[in-house]
Structure formats: structure tokens, C-alpha cells
Amino acid sequence: MGKHVTRTICAAGFLLVALGPLTSGVLAFDDVTTLADEDRSEYSSLTMGFDDVLPPDIIDKVFDECRRIHDLGDIYASGDLMHGKKATNWLPLDPKSPTPPRNFVEHAVQKFYELAVPEQFYSDDYNIPHYGEVTRYTKSDIKGGEWWIQARSGKEGIGFHYDKDEAYASIHMRMSFPIISTITYLTDVGAPTLILNQTSLDGSTDFPEVPHEGFLSYPKKNRHVMFRGDLNHGVSKTLSLDENSDSRVTLLINWWVEKPMEPNCMTLSDTLATKIDFNYPEKVAKAVNSAATSAPTEVNSESVPLLNITDPKTKNTKKYSRHMERFPPNDGFHYDMPRLKHLARNTLYAINWSWNHVYASVGMLDLWNRNLMSSVFRIQEPKCFVFVHDDRELEGPFGINWWLQPLAKGYEGEVKFYTATTEKAKNAWGEFGIRESDLPIAVMHDTVSDRKLVMERGVTFGEDKVRDLVEKFFGRNPDKKGGEL
């Protein structure tokens, strides 16, 4: 690869500008403003949205094609790709000499290219260098679109991830990002997309470590959402308002400065397109020419609801419910949201979490996860491992995570915390001389110097004892008892 997209976040932090009108299901939630009520000068505009991006009969044809192509499975026979990935499709773009679309999906890709505005996402606020440089992009930098299809059930999620050149990442262990990522919703149902104010500085380090702003997009048919291509995002199944039997179908298109590497991203040949009945340019041209013409509507950013998750009471379970996602390699992202009855379908939300309502500082130790274990030893800070019997001790409003998450957040940059269940981490007990009867118990381990400190056994396990252990490890609380190895 020659050119690599580097990504930054505004130094002051940012709020994703959720674009979309208020729906008829007005929230009965008392901490809602709109972006028009906020000082938007403090934030970077990181998203754009459009409704009615294609005429109704054309979007229906795109949907039919997407379902059919998705059901064909792996058309490139790419089953041997690393990490179980499937190949995506590449459509080169030359605005000076456009190629007639062979199918309605390619027509959609070409139409959505007209909406892509890199300048929206690479303004002067884009000022923190990734990989040592800051890059600005314009529309002329886009060389083509990578597209693929997702079809999920109504309550099915998609793990959090960064869009990237998958083959390049597998070979070089470094991320190359698209300029812009996009989602086009082809149905009105399913779990929402959650986009966070978080990027990866170098492919292994997230910045910021804990995102405090986000953008939640519930599916709405014929809506096209764009966001900067380096942002952490996923589909949250626990925020779905629909039933599992419903079908969520999306067309994903990423805009690139150069084609991602094969075999993860392939150019669809005329031969293969014909073989799978995906090559009928005359049919497309006739349908497009006879379709009703209307311009996409850029949705009004100032009317979008902004969810202020800022109650000073951390455990306000009547107002909020806590959700958990997994960030690669195996970190837990815990965040509060209004209860589902206060959220509305087809709606776009901006989100602002205060310090005590979002946490992402605690990993989940899994000795069989190679990527995670590599990360454990790559991180320079000392680690605090909290060994427990199983997940039941961790979750719920009285679980360990309710106090461990804020405790760990207070030690950000100084200590990396992990929870460790018997199922995933029993083989580590011997390293610290602990037995099952000692659980729950915490240990400190500097994996650079191999210095270890084990919590005193027989004490009542809780937040104060873990804090005492950490402080003693750093020599700031020498009167507390522990066992140094």
C-alpha cells in the first residue's frame, strides 16, 4: 500500500453531530435537548445524513438485489481468508468517464458518491496526527467505493470495530482506514448503529480510551448516513426495539483513496456478474430513467435530539439501563442509556455521557485469546487482575463492575485493569499462588519487571481493598497488608 489514511480527533474532544429529524415518538425523557441548543462550535461535524436518497421503486430494487446477493454467500470463494473474513466488492469511480452501472447496487454506489463530501470531515479541527501526519482530503481523492451487504435479525448485533483494509491489517498488523464510511438502511427495523468519538492512533491504541460522546442511528429505510472512516462503531443488540424475527438489511459503502488489498476486497468482473445474474445495465438504465426524480434531503442537524446522560447518581436504574459491548481485543465498554421505552424507532440521536455513566477501562482476561494476551504484554502500565468465579459476580447493579469500572477509570494511564473468570483465566492462578478458595481476589502485576503483589487473603473483598492494593503497589499506602511475590 502506498498512501495510508491517518485519523485524528479534535483536541478538545467532540460530539458526533447526529443528523435527523425528530420522529413522532417524542421522548418522555427529561434530559433531552437538541443540537440547536448546544454550542456546536466546540464540536467537530463528523456525520452527515440524507433521507429519501433514492426513488422508492429504485430503493426497493436495491433491497431485492442485496437480499439475493447476500443469500448467494461467498461469491468469490474467499473462505480461506484470515480471521474468517469474507471478501467485499470494489467499484472504481472515474467522474470524467463514468461506467454505466451493471445493477442497481452499482447505481446506488455511483449516486451516493455524489453525496460524499470529505471536506465535511477533514476541517481545521482535524489536527491530531496519526502515524505522525495529518492529512486533508477532497472529493478528487476518492478513487472508488468498497461495498458489501449486512443482513441480520431484528435483535442481532455487530461487534464493535474499525472499518479498515482487512488484508493490509492482517499482513502488516497496522490499520489503513477509508476516508468516509457509510450506511444505507434498506429496512425500518433492527438494532441501531452506535458510532463513538473514538479512533485508533496506531492500530492498537484507542483514543480517547473512554469515549464520552456518540451517535445512535436507528434504522430508517432509504436513509444514508456518512461518518468519518476511522471511528469505532458497531450495532448494539441490547438497544434494539424490534423482534428477532424482523430483518435488518444494510448496504455499506466505504470511500477510499486507493483500492483495499485483495483477496479481501475484489473487483467484480463482468464474467462473474453475469454468472450470478448481476449484469443488466440496460434494465438499470431503463428503470432509472423512468423513475420519479427527487433530490435526497439532507436532514436537519439542529433538530436532532441530544441525550444528556449526566445524572449525578450513578445507580439511577429507574432512569437508565446499563449496556455492555466488547471492544477488541476484549475490553468491556459499559454505558448507560435511557430505558428502551424512552427511545424511538427511525431516529438519530446524539449522546453525551458524563464521567460516571460510561466506562471502557476494564479488560476481560482470556488466556486463549492470542490478540488479547499480546495486548496484555504490550501495554507498559502495571496490571490489576481481579479474579472471580464467573460473570455473575461482575454484572448487575450490585456486581463488582459497578464499582470497579469507575475505580479503574480513576487510574487511567497508570494501571490497566482486567476481570478474570475461572473459565477464562484459571491457568493464571499458579502464577500468583492463589486458589479457588481465595476468590474473589485482586493481584497487581508489572509485566515489564515481573513484580507482583497479591491482595491479603481473608479480607472482605471490595472497592476499598482493591484501591489499597494499587496504592501499596506504588508505595503510596505502605500500612496496608498484602503479599509481595
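Helices (H or I, at least four residues) and strands (E, at least two) are DSSP runs, numbered from the N terminus. This is a predicted model, in which local features need pLDDT of at least 70, side-chain atom pairs count only at pLDDT 80 or more, and totals for chains, interfaces and linings use all residues. Residues are numbered from 1 along each chain as its sequence is written, and side-chain values use heavy atoms, with hydrogens and water left out.

View 1. Met-173 is exposed, with a relative accessible area of 64% (buried means under 20%, exposed over 50%, partly exposed in between, using a 1.4 Å probe and protein chains only).

**View 2. Asp-52 sits in the loop between strand S2 (47-51) and H1.** Asp-52 also has a positive phi, near 50°, and is not a glycine. At 45% relative accessibility, Asp-52 counts as partly exposed.

**View 3. Eight strands form an open sheet with mixed pairing.** Follow the order S14-S3-S4-S13-S6-S11-S2-S15; two strands pair if DSSP finds at least two bridges between them. The edge strands, S14 (265-267) and S15 (297-298), each pair on one side only. Strands S6 (residues 180-185) and S11 (residues 223-228) are antiparallel partners over six bridges. Look for Ser-181, whose bridge partner in S11 is Phe-227.

**View 4. Here are two cis peptide bonds to find.** One runs from Glu-262 to Pro-263, with omega near 5°, and Pro-263 is in the loop between S13 and S14. Another joins Pro-328 to Pro-329, with omega near 5°; Pro-329 lies in the loop between strand S17 (320-327) and strand S18 (331-338).
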